[in-house]
Amino acid sequence: MKGKSYTFFIASSASGGMRRLRVPFYVLHLLTILVVVGGVTVVAALGSYSRMLWKATNYNSLRRDQDALKQQYVQLQTEVKDTNQRLSSLQSLAGEVATAYGITRFRKTPFGISDASTEPDKQFEQSVDEFSYLENNVSLVGMSGNGMRLLPAAQFTSLGIVPTLWPVVGEITGHFGERLDPFSGEGAFHSGMDIASHYGDMVRATADGVVVEAGGERSGYGRLIIIDHGFGVTTWYGHLAAFKAQIGTHVKAGDVIGLEGQSGRSTGPHVHYEVRIYNTPVNPWRYLRNIDPNAVASTNTPRAAGD
């Protein structure tokens with residue numbers, strides 16, 4: 001049996017001739033299927049391309065939003081940093097003003113008022129600490145025993161707890177207050193003074209007191225010594241090369257407590273020197289501006305603390 005087929009007659013308008021084209025039935029159906037499949041494929045490709053364009057548009061929009069948020073975040077970080085620096089500066093200034101004009105009142109003990117809710121063991125340890133402090137500073141407490149108020153400047157200085165000596169003889173390379181950070185190049189609050197001379201120079205206690213920290217390294221300060229002078233006054237000596245005093249050592253003004261170095265976050269040999277009142281940094285220059293560092297160095301014998 002002969003298969004079914006379709007016959008197409010094709011006439012030429014030029015020659016007037018006619019040609020006959022016979023197409024089998026299955027070939028025509030196959031072409032129809034191919035056309036349908038091709039159309040579906042083209043439609044699917046157009047849909048996929050449209051979705052890709054939509055996703056690319058959304059992605060670019062998200063990238064722009066992300067960049068804008070990053071810029072806002074950086075700006076907010078800068079504003080917060082500036083605000084914190086101003087707050088630190090204002091706190092320091094407030095502490096200086098309060099101390100200078102007698103507004104600040106010392107606590108009844110250097111350890112604060114005891115909390116009634118504290119456990120008995122902690123209360124006992126606190127009482128022992130307070131007794132030890134009073135025993136070591138009996139003369140100072142006796143001279144200021146009327147309510148533990150701030151003494152007049154002259155009398156306060158005579159107690160020996162005011163840091164009026166230079167810790168090392170050298171050049172001031174960094175002042176107290178706002179400055180450009182030597183590492184990041186951004187504005188930063190500098191809580192002390194940087195005094196530079198030579199690596200290994202002797203660093204001296206600037207007032208009488210007790211060494212409360214000496215050993216290891218603290219972030220940013222390197223090898224650090226902290227001396228407690230009583231009445232909330234402490235001095236900090238950072239970037240040391242070596243220690244010449246131990247924790248608990250009683251030192252006098254002018255005693256050698258360490259050697260100048262460049263440990264920690266430092267660009268060269270110097271001493272980072274801080275004066276704090278109840279842990280609030282104040283400008284050390286107010287105590288050093290009228291003191292000749294060379295005269296102080298010549299009047300103090302170069303002995304290590306505790307010798």
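# Briefing: His 272, its surroundings and the overall fold

The side chains of His 272 and Asp 194 are joined by a polar contact of 3.1 Å; a polar contact is a pair of N or O atoms within 3.5 Å, where within protein one must be able to donate a hydrogen and the other to accept it, and residues adjacent in sequence count only if both atoms are side-chain atoms. This is a predicted model, in which local features need pLDDT of at least 70 and side-chain atom pairs count only at pLDDT 80 or more, while totals for chains, interfaces and linings use all residues. Residues are numbered from 1 along each chain as its sequence is written, and side-chain values use heavy atoms, with hydrogens and water left out.

**Overall**

- The protein has 6 helices and 14 strands, taken as DSSP runs numbered from the N terminus (helices: H or I, at least four residues; strands: E, at least two).
- Of its 307 residues, 33% are buried (buried is under 20% relative accessible area, exposed over 50%, partly exposed in between, with a 1.4 Å probe and protein chains only).
- Among contacts with a separation of 6 or more, 61% are between residues 24 or more positions apart; contact means heavy atoms within 4.5 Å.
- The accessible surface is about 19400 Å², and carbon and sulfur atoms hold 57% of it (Shrake-Rupley method, 1.4 Å probe; for residues, only the protein chains shown count as cover).

**His 272 and Gly 192**

- His 272 belongs to strand β13 (residues 271-277) and counts as buried because its relative accessibility is 7%.
- Beyond its neighbours within four places in sequence, His 272 has contacts that include His 190, Ser 191, Gly 192, Asp 194, Tyr 221, Trp 236 and His 239.
- Gly 192 sits in the loop between β5 (187-190) and β6, and with 0% relative accessibility it is buried.
- Apart from neighbours within four places in sequence, Gly 192 is in contact with Gly 174, His 175, Phe 176, His 272, Tyr 273, Glu 274 and Pro 284.
- Gly 192 and Gly 238 are 46 residues apart along the chain, with 10.0 Å between their C-alpha atoms.

**Nonpolar core**

- The largest nonpolar core has 25 residues, of which Val 211, Ile 225, Ile 227, Tyr 237 and Ile 257 touch the most other members. Such a core is a set of buried Ala, Val, Leu, Ile, Met, Phe, Trp, Tyr and Cys residues joined through side-chain atoms within 4.5 Å.
- At least two residues of this core come from each of β6 (193-196), β8 (209-214), β9 (223-230), β10 (233-243), β13 and α5 (285-288).
- Strand β13 supplies the largest share of this core, 4 residues.

**Salt bridges**

- Side chains of opposite charge can pair when their charged atoms come close.
- The whole structure contains 2 salt bridges, each defined as a side-chain nitrogen of Lys or Arg within 4 Å of a carboxyl oxygen of Asp or Glu.
- One links Glu 213 to Arg 218, with 2.7 Å between the closest N and O atoms. Glu 213 is partly exposed at 21% relative accessible area, and Arg 218 is partly exposed at 33%.
- The other joins the side chains of Glu 274 and Arg 276 at 2.8 Å, N to O. Here Glu 274 is buried at 0% relative accessible area, as is Arg 276 at 10%.

- A nonpolar surface patch consists of Tyr 6, Phe 8, Ile 10, Leu 21 and Phe 25, with about 440 Å² of accessible area together. Patches are made of residues with over 30% relative accessible area and no salt bridge, with like charges joined within 9 Å and nonpolar side chains (Val, Leu, Ile, Met, Phe, Trp, Tyr) within 5 Å.
- Strand β1 (residues 5-11) gives the most to this patch, 3 residues.
- Leu 21 is in strand β2 (residues 18-24) and is partly exposed at 41% relative accessibility.
- Arg 22 also lies in strand β2 and is partly exposed, with a relative accessible area of 46%.
- The C-alpha atoms of Arg 22 and Phe 8 are 6.1 Å apart, while the residues are 14 apart along the chain.

**Positive phi values**

- His 239, not a glycine, has a positive phi of about 65°. His 239 lies in strand β10 and is buried at 4% relative accessible area.
- Tyr 278, also a residue other than glycine, has a positive phi near 50°. Tyr 278 is in the loop between β13 and β14 (280-282) and is partly exposed at 25% relative accessible area.
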